[in-house]
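Take a walk through this structure, one piece at a time. Keep the 3D view open as you read.

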Amino acid sequence: MPEIDFISSQIRKDDDRSTAERVRDRLELTGYLVFFFILFLIGLAIKDAYLLMGYLALVGAGAFMWRKLPRLDQRFRDLVQVHKGQMVLVMSVLLAVYPLIFAHDAYLVHLGALAGIFVIVALGLNITLGFAGLLDVGFAVYFAAGAYTSAQLAVIWDVDFWVGLPLGGLVAAFFGFLVAWPALRVKGHYLAMVTLGYGLMMNILHRNLKGVTNGTDGVINIPAPTIFGHDFLSPITVFGFTLPFQTNFYYLTLILIAITMLISYRLLNSNIGRRWEAMREDDVAAHCFGIDLTFNKVLAFSTGAFFGGIGGAVFAHMIGFVHPDNFILLTSITILAMVLIGGMGSIWGVALGAVLLIMIPERLRDFEVLRMLLFGLSMALIMIFRPQGLFPSQRRRRELESARVEELIKASGKENAHVRPVD
Amino acid sequence: MTKDPRPSPEAAGADQPILRIEGVSKSFGGIRAVQNLNLSVETGEVVAIIGPNGSGKTTFFNLLSGLYPVTSGSIEFDDPPSSLVGLPAHKINELGIARTFQTLRLFPNLTVAENVLIGMNRHLNGGFLQSLLRTPAIVEDEKKAEERATETLGFFGPRLLSMYNEPAYSLSYANRRRLEIARVLASRPKLILLDEPVAGMNPTETAEIMEDIKRINTMGFTVLLIEHDMALVRGVAERVIALDHGTKIAEGSFDDVCNDPEVIEAYLGRGAAAAGGAAPASDAPEARP
Amino acid sequence: MEIWLQQLVNALTIGGMYTLVAVGFTLFFGVLGLINFAHGEVFMFGAFVALTVSTAVIAAGMENALFIIVLMFVVSMTVSAALGVGMERVAFRPLRGLPPLLLLVTSLSIGIVIREAIKEFYPEGANPLAFFSPYSFDTFDIGNITISYTQAGLILLSILLVAGVYLLVTKTWLGRAMRATSEDVEAARMMGINVNRVIRDAFIIGSALGAAAGVMNGLYYQSIRFDMGWVMGVKGFTAAVIGGLGNVYGAVYGGYILALFEVLVVALVPNGSQYKDVFVFLILIGILVFRPSGLLGTPQTKVG
């Protein structure tokens with residue numbers, strides 16, 4: 001039997017290598033991550049919108065250069081691949097100290113928490129879309145379901161946030177379950193349209209079903225969570241630092257993100273994830289190898305929706321106010337954009353996509369009028385020039401390569417196409 | 001016209017055929033793709049279905065594997081018998097039938113190993129909660145599954161093993177066909193359905209696949225295959241069934257079927273039948289290396 | 001009875017616009033497998049071009065209203081066709097053959113760009129703008145129903161345009177090429193059809209018709225807004241789906257069916273106007289799921 005090359009790169013499995021080498025790799029990886037994090041912090045610290053635009057352009061150019069250095073790029077990828085644990089550790093520490101760095105700036109901490117909420121939501125869509133390949137252009141429905149459920153439970157029945165949070169997730173999962181049934185029969189564009197129609201329809205209902213959602217008045221005065229008697233609206237003190245109350249929400253989202261990532265990772269690397277992927281690749285073949293399409297599609301929709309709902313519930317209690325305008329089509333598109341820009345199926349990529357899509361537009365508030373224009377423009381540009389997303393998973397890159405290969409094969413037939421010219 | 005299927009000598013232990021099909025018909029709108037088909041397969045047999053294009057062979061496989069619902073008739077599988085009529089494809093696979101596809105249907109962006117692991121799906125448990133908790137049982141299961149996957153890929157020597165972690169789309173055409181077979185083997189089914197396993201392959205590759213099918217059979221698998229390549233059919237099939245216009249027109253040994261006037265007529269038309277040529281055999285490429 | 005007839009006339013007017021937009025959706029989907037969500041914005045863009053034309057021409061001292069309207073249509077359709085072609089060239093061509101989602105999101109993004117550009121850069125673009133519509137208050141009666149000249153003209157014009165498209169698709173070489181491309185791009189290419197040209201022409205026709213619908217919309221409601229494209233996009237798409245996406249014949253009746261349906265919902269369902277769109281979306285989902293080849297289309301089975 002031939003030698004099987006399990007990791008086709010310079011870095012072998014960890015146990016083949018000396019301790020010194022491993023330590024050096026880990027340090028190197030830590031260096032990269034800290035460097036990227038500092039770049040990110042600098043971006044956040046720039047207050048002037050024009051200066052920020054310039055900075056973004058600079059970082060963009062740097063990223064482009066980075067891509068032109070395949071060895072550096074590959075080295076980083078290999079490091080991440082081999083030292084996953086180290087990466088998780090470093091990222092956790094960096095993200096945990098974020099509120100300490102911006103202790104003087106409550107707005108940035110708030111922004112961090114808001115981004116965190118959308119990371120959870122985007123990771124939810126990543127399960128449905130990235131893993132199982134089911135397009136869902138109405139993800140705001142689940143975000144809304146979670147937000148309204150948890151908010152109304154707290155406002156009307158005085159239900160505690162810690163009960164409302166999972167309930168919000170479950171109600172959202174139910175809404176995912178609902179759309180899964182019609183979605184079983186359609187694919188591709190049609191599936192996108194069914195979910196888009198579902199999203200638009202639900203938003204009209206949010207506005208008009210006043211008994212459930214208070215209509216356009218919205219749900220107001222949603223209480224903030226408390227934990228062990230500590231109110232989330234009071235500041236916390238750590239090591240003598242006084243941190244703004246938004247830090248409470250920030251850490252809450254951080255913990256929830258960790259849980260969501262762990263669940264995503266475990267699902268992906270299990271039978272469940274493999275079944276989803278098989279279904280995404282070829283549902284007829286998957287069906288013939290014992291994969292119950294109905295069950296697995298419903299499961300993918302519901303699981304994704306659950307995290308949408310969790311994000312919604314936290315959102316409701318953090319903002320304290322829920323309005324149908326929060327759940328319009330643009331919300332769905334933005335969530336979708338987070339997944340696409342991040343790179344479908346890539347857990348860290350999607351998380352980064354969500355952070356960028358929340359933070360950059362917020363920091364460009366000075367451009368108020370042009371914000372949406374820039375959003376649309378950059379989305380279109382990214383789709384055209386980097387359709388696999390900014391941080392694709394390895395597998396996703398392959399998928400696009402294969403599509404490209406197919407295209408190339410087709411295009412090679414083009415010479416023959418003009419044997420008999422039309423004009 | 002249709003003879004009773006003779007129990008094959010290899011299936012000595014089996015009292016009952018593993019697959020019993022009676023009066024199966026399938027119509028699409030007004031078109032009757034399969035008509036009143038009777039067929040049985042003994043455990044351990046290799047049975048080939050031949051017939052001109054459009055004679056209903058692939059439709060028949062789609063009925064067997066649950067992709068199309070049967071219009072009428074009964075399909076019974078295994079002992080104790082379970083009816084396959086009305087079952088969805090995944091249930092049929094769980095009972096122990098696995099198939100390949102004439103038009104390749106691999107999972108192109110999954111690795112070779114993952115394709116085979118999906119083939120094993122019916123043997124892998126591990127529900128939602130166990131996967132989330134990553135119980136030791138699941139971890140153990142996965143490890144075993146990967147070992148089996150490697151073992152299964154080893155059936156084709158280094159051809160697939162060397163591509164273990166490569167995506168399926170990067171395989172050559174012949175290797176894709178091999179991977180389809182490996183995926184079926186991984187399923188360890190009681191009945192293997194091969195839909196034109198050598199379509200598009202060159203003579204050398206065809207001969208190789210022929211040996212592979214023989215090996216599969218000696219490993220104890222029961223095989224039902226559709227094939228146009230008469231050299232392959234002659235080489236592997238213990239029994240041949242000829243279809244035309246969705247009905248069975250002949251059944252028996254390769255030579256019997258090939259000399260059956262109806263079969264010759266189906267392939268070459270009325271005149272040829274009168275001339276009495278051994279039609280389908282002449283169809284075969286010169287396959288022997 | 002009169003009310004119903006009056007409603008029927010309204011349905012015909014709106015249905016004509018839906019149909020014109022639907023033709024675009026169906027053409028793009030046919031030749032490119034693309035649901036072009038920027039198409040609704042092309043409709044809106046067309047209306048704004050026409051408004052610019054009327055404003056400019058009136059400022060230049062032109063008084064012949066009929067001439068102005070004709071000019072509005074011609075310029076608007078031409079400019080919008082150029083926009084459509086540009087969109088295809090810049091955004092959709094590079095993405096051909098990639099997963100449908102990417103095209104969908106790209107078209108949504110381009111839609112946002114067009115909408116926001118009008119909102120920010122058109123003078124007073126964020127507010128509803130009055131549209132030049134000289135004949136809206138001149139009416140005539142047939143029996144007991146009152147019809148404005150605008151309405152009559154619009155119904156007539158939409159029927160003419162739709163008939164023109166129908167003839168184009170059924171009788172001309174281009175139409176045959178388009179239908180061939182919809183069936184099978186590769187086969188069409190092998191038969192010597194310049195697929196790029198067919199796609200370009202589809203964008204010219206579709207966008208021009210969308211813009212015509214935009215101008216008609218302005219003439220009918222006498223006011224336009226930067227965000228009117230989105231709703232029309234969804235309605236036009238639904239109309240195309242009713243007729244069977246990719247089926248040009250279907251789009252012709254899909255718009256009228258949708259308009260009639262809306263009128264009926266408003267008339268028969270309590271609070272109908274509030275929930276009108278909910279029903280539209282239910283129809284959309286229902287048809288996509290249960291009759292994907294359209295309300296009157298023949299279902300096709302594709303398995304294996």
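Start in chain B, where B:Ile21 stands opposite B:Ile75 in strand β4(B). The model is predicted, so local features need pLDDT of at least 70, side-chain atom pairs count only at pLDDT 80 or more, and totals for chains, interfaces and linings use all residues. Residues are numbered from 1 along each chain as its sequence is written, chains are lettered from A and ligands numbered from 1 in the order in which they are written, and side-chain values use heavy atoms, with hydrogens and water left out.

Now look at the strands around that pair. Strands (E, at least two residues) and helices (H or I, at least four residues) are DSSP runs, numbered from the N terminus. Strand β1 (residues 19–28) of chain B runs antiparallel to strand β4 (residues 72–77) of chain B, and 5 bridges join them. Two strands pair if DSSP finds at least two bridges between them. In chain B, 4 strands form an open sheet with antiparallel pairing, in the order β2-β1-β4-β5. Which strands stand at the edges? They are β2 (31–41) and β5 (82–83) of chain B. Each has a single partner strand, so one side of each is left without a neighbour in the sheet. Helix α1 (residues 57–64) of chain B packs on this sheet. Helix α1 of chain B touches β1, β2 and β4, and its direction makes about 115 degrees with that of β1(B). Contact means heavy atoms within 4.5 Å. Axes are lines fitted to C-alpha atoms, for helices over the stretch in contact, and angles run from 0 to 180 degrees between N-to-C directions.

Stay in chain B and find strand β7 (residues 191–195). Is this strand buried or exposed? Of its 5 residues, 5 are buried, so β7 of chain B is largely enclosed by the rest of the structure. Buried means under 20% relative accessible area, exposed over 50%, and partly exposed in between (1.4 Å probe, protein chains only). In a regular strand the side chains alternate between the two faces of the sheet. Both faces of β7(B) are covered. On one side are B:Leu191, B:Leu193 and B:Asp195, and on the other B:Ile192 and B:Leu194. Strand β7(B) also has partners. With strand β6 (residues 97–99) of chain B, β7(B) pairs in the parallel sense over 3 bridges. There, B:Ile192 is the bridge partner of B:Ala98. Strand β8 (residues 222–226) of chain B runs parallel to β7(B), joined by 5 bridges. Here B:Leu194 stands opposite B:Leu225. Chain B as a whole has 13 helices and 10 strands. Buried residues make up 55% of its 289 residues.

Next comes chain A, with 18 helices and 4 strands. Of its 423 residues, 57% count as buried. Among its contacts between residues at least 6 apart in sequence, 76% join residues at least 24 apart.

Two packed helices are described by the angle between their axes and the distance between the axes.

How confident is the predictor in chain A? The mean pLDDT, a per-residue confidence from 0 to 100, is 83, and 88% of the residues reach 70 or more. Confidence is highest in helix α13 (residues 293–319) of chain A, at a mean of 94, and lowest in helix α18 (residues 414–417) of chain A, at 35. Over residues 412–423 of chain A, pLDDT stays under 50. Where pLDDT is low, the predicted coordinates should not be read in detail.

Finish in chain C. Strand β2 (residues 139–142) and strand β3 (residues 145–148) of chain C run antiparallel, joined by 4 bridges. C:Phe140 has C:Ile147 as its bridge partner. The hairpin has 2 residues between the strands, and C:Gly143 takes a positive phi near 60 degrees.
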